[in-house]
Amino acid sequence: QLSTGDMLRAAVAAGSEVGQKAKAVMEAGGLVGDDIVVGIIRDRIEESDCSKGFILDGFPRTVDQAKMLDACLAEKGECVNAVVALEVPDAVLTERICGRWVHKASGRSYHAKFAPPKSLGGAAPSVETMLDDETGEALMQRADDTEEALKTRLAGYHAQTVPILEHYSSCVARVDANQGLDEVWAAIDKAT
């Protein structure tokens, strides 16, 4: 599983040519362009652990990125041969994402409904009631895990990412991800 964020950080740390380009953009406060991201993917899939295939997590996010990825793979006589669309209703995503809290120092994660800290005790989630079980320190929510931010993210997803499913229509497997983990894995296995 290849995460573009992880690959960007690794390329920057390794000081590769494309990593240096990404570092310059990030240090200037900009967003890394599609050409740089595709370059990082191009470099990464050359590594031996990708010789039998790979899974891209979170990329492509737009049809333009999909076309760039297609061109990159075509240079090697390859193509995207499977796309798994994990489908969950927006309302369920909102409940899942907006309930997430994390202990910044350790990375321990909690959820106000599904995995609450002991401190919550039936109260409304807040900085005062959401405390780490081990340290008692306040938990935090990511800035983009609010309902307002999520509405913007979901609008972007529906406008820019959903059209990728049509682009790759010949190899898309749609999986109902609004069920238990075992059922989702079984559906993925069946679909791929």
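Let me begin with a word we will need: a residue is buried when its relative accessible area is under 20%, exposed when that area is over 50%, and partly exposed in between, using a 1.4 Å probe and protein chains only. Thanks for coming, everyone.

Two notes on where the values come from. This is a predicted model, in which local features need pLDDT of at least 70 and side-chain atom pairs count only at pLDDT 80 or more, while totals for chains, interfaces and linings use all residues. Residues are numbered from 1 along each chain as its sequence is written, and side-chain values use heavy atoms, with hydrogens and water left out.

Let's start with the whole chain. There are 192 residues in the protein chain, and 30% of them count as buried. Along its principal axes, the C-alpha trace spans about 55 × 40 × 30 Å. The chain has 8 helices and 6 strands; here helices (H or I, at least four residues) and strands (E, at least two) are DSSP runs, numbered from the N terminus. Reading from the N terminus, the order is β-α-α-α-β-α-β-α-β-β-α-α-β-α. One more overall figure concerns contacts, meaning heavy atoms within 4.5 Å. If we take contacts between residues at least 6 apart in sequence, 57% of them join residues at least 24 apart.

Now to helix α4. Which residues of α4 are buried? They are Q65, A66, L69, C72 and L73. Looking down the axis of α4, these buried residues fall within an arc of 120 degrees, so they line one face of the helix. The arc is that of the directions from the helix axis to the C-beta atoms. And what lies over them? The cover includes α3 (34-44), β2 (56-57) and α7 (163-167).

Setting aside neighbours within four places in sequence, M68 is in contact with D34, D35 and V38. D64 is also in helix α4. Is D64 buried or exposed? D64 is exposed, with a relative accessible area of 52%.

F59 and P60 are joined by a cis peptide bond, with omega about 0 degrees. P60 sits in the loop between β2 and α4.

T4 counts as buried, at 16% relative accessibility. Apart from neighbours within four places in sequence, T4 is in contact with V37, I41, D57, G58 and F59.

Next is helix α2, residues 17-27, whose buried residues are V18, G19 and A22. Seen down the axis of α2, they fall within an arc of 100 degrees, so they line one face of the helix. On the other side of α2, E17, Q20 and E27 are exposed. The cover over the buried residues of α2 includes α1 and α3. Just after α2, G29 takes a positive phi of about 85 degrees.

Let's move on to a pocket. On a 1 Å grid over the protein atoms alone, a pocket is an open set of points with protein on both sides within 12 Å along at least five of seven lines, whereas a cavity is a set of points where a 1.4 Å probe fits but cannot get out; lining residues have an atom within 4 Å of a point. Grid points are joined across faces, edges and corners, and a volume is the space filled by probe spheres set on the points.

How much space lies in the second largest pocket? About 170 Å³. Its lining is made up of M26, G30, L31, V32, D34, V37 and Q65. Those residues divide into 4 nonpolar, 2 polar and 1 charged, where Ala, Val, Leu, Ile, Met, Phe, Trp, Tyr, Cys and Pro count as nonpolar, Asp, Glu, Lys and Arg as charged, and the others, Gly among them, as polar.

Last stop: C98, found in helix α5 (residues 90-98). Beyond neighbours within four places in sequence, C98 is in contact with L93, Q141, D145, T146, E147 and L150.
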